[in-house]
Amino acid sequence: MVEEFAIYVCPHGPNDRCECRKLKPGLILAAAQELQLDLGHSFMIGDSVRDAVAARSAGCHPVLVLTCHGSRQHEQYRACFGPQALVFAGLYEAVCRIVDYVSVNGKGQEK
Ligand SMILES: [Zn+2]
C-alpha cells in the first residue's frame with residue numbers, strides 16, 4: 001500500500017554539478033527526509049544503471065525494470081550489481097514481487 005506520494009525532479013543539466021542528478025542520491029535523500037522513509041527498507045525501481053547507483057548511494061534496494069532503457073541496461077546492471085540483483089519485466093511485476101517479498105519477509109530487509 002502506498003501511504004505517501006510525491007514527485008521529485010532534478011531540473012539541472014549534466015554540467016550543473018548539482019546533488020540531485022543521478023548518479024547522485026540527492027532526490028532520494030530529500031524524499032526520505034521529507035516523507036520520513038527508512039531507506040534501508042525501501043526499494044527504488046528504475047530503468048537504468050544510473051538509477052540503481054543512486055539507489056545504492058542512498059542506501060535503498062535498487063530494482064531494474066526492462067521497459068524503456070532497462071532492456072539495454074540489463075547486462076551492465078548485472079555486471080555492476082551481481083546475479084542476485086532484482087530485475088523485473090516491468091513496473092507492475094516489480095511492485096507485485098516487492099509487495100509479496102515484504103509480506104513474507106517483513107520490511108525490505110535483505111536475507
Ligand atoms: Zn539536480
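**Legends: overall fold and the region around S48**

**View 1. Secondary structure of the predicted protein chain.** Four helices and three strands make up the secondary structure of the protein chain. Helices are DSSP runs of H or I with at least four residues, strands are runs of E with at least two, and both are numbered from the N terminus. Starting at the N terminus, the order of elements is α-β-α-β-α-β-α. The model is predicted: local features need pLDDT of at least 70, side-chain atom pairs count only at pLDDT 80 or more, and totals for chains, interfaces and linings use all residues. Residue numbers start from 1 along each chain as its sequence is written.

**View 2. Dimensions and contacts of the protein chain.** Along the principal axes, the C-alpha atoms fill a box of roughly 40 × 35 × 20 Å. Of the contacts with a separation of 6 or more, 38% join residues 24 or more positions apart. A contact requires C-beta atoms, placed from the backbone, within 7 Å.

View 3. S48 sits in the loop between β1 (43–46) and α2 (49–58). Not counting residues up to four places away in sequence, S48 touches H69 and Q73.

**View 4. The pair S48 and L86.** These residues are 38 apart along the chain, and their C-alpha atoms are separated by 12 Å.

Key: Two residues are in contact if their C-beta atoms, placed from the backbone, lie within 7 Å.
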